[in-house]
Amino acid sequence: MAILKIARMGHPVLATPALVVPDLKSPEIRRLVNDMVETMIDANGAGLAAPQVHVPLRVVVFQAPDGRTDPGLADEEKFDHTAPLTVLINPEIEILDPAPEGGWEGCLSVPGLRGWVERPAHIRYRGLGIEGETIERVARGFHARVVQHECDHLDGRLYTSRMGDLSRLIFESEIRHFQVAS
Ligand code: NI
């Protein structure tokens with residue numbers, strides 16, 4: 001396994017639509033997925049898409065841990081809001097409710113910044129896991145956000161291009177000014 005170099009905003013690979021993975025069984029794909037997981041964990045990210053490591057293929061890895069969910073959620077509501085470490089190949093997203101929800105996003109390709117992005121908060125996604133199994137889930141909240149953010153990378157989009165108000169593109173060290181004191 002290896003920690004891969006992450007492309008930063010401005011590199012053309014981040015603006016290029018990625019290609020469908022034709023053969024999941026190739027050793028190169030397995031190595032890519034393993035390296036992406038290691039790279040994401042090393043960089044303390046919630047997700048990573050293959051174009052971010054200079055590989056223009058439709059592969060994402062992500063996780064939506066319990067600690068990222070809205071603290072007001074009851075335990076029985078949390079199910080769609082969380083996801084274990086997941087590898088998703090050739091993913092597709094279906095929007096179940098287009099009503100937008102705003103949230104702060106960061107990106108390993110846009111280091112040090114945060115942006116306020118509105119996205120549909122209720123989606124279904126499907127794709128293939130590393131063993132070729134079909135993965136299909138309903139996602140809400142942060143889980144829906146991270147999947148949409150990562151899949152945008154596969155279409156050559158960064159979260160900054162989803163922002164409606166660029167005054168909410170800020171350095172992460174200043175985010176305290178936007179949070180309500182508790
Ligand atoms: Ni990103």
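A charge is said to sit over a ring if NZ of Lys or CZ of Arg is within 6 Å of the ring centre and within 35 degrees of the ring normal. In this structure, the charged end of Arg 168 lies over the ring of Trp 116, 4.9 Å from its centre. The model is predicted: local features need pLDDT of at least 70, side-chain atom pairs count only at pLDDT 80 or more, and totals for chains, interfaces and linings use all residues. Residues are numbered from 1 along each chain as its sequence is written, and side-chain values use heavy atoms, with hydrogens and water left out.

Attention now turns to the aromatic rings. Rings of Phe, Tyr and Trp (its six-membered ring) pair if their centres lie within 6.5 Å; planes under 30 degrees apart count as stacked, over 60 as edge-to-face and the rest as tilted. The whole structure contains three aromatic pairs. Phe 62 is buried, at 0% relative accessible area, where buried means under 20%, exposed over 50% and partly exposed in between (1.4 Å probe, protein chains only). Tyr 125 is buried at 0%.

Trp 104 and Trp 116 form an edge-to-face pair, 5.4 Å centre to centre with 70 degrees between the planes. Ring pairs join Trp 104, Trp 116 and Phe 178 into a cluster.
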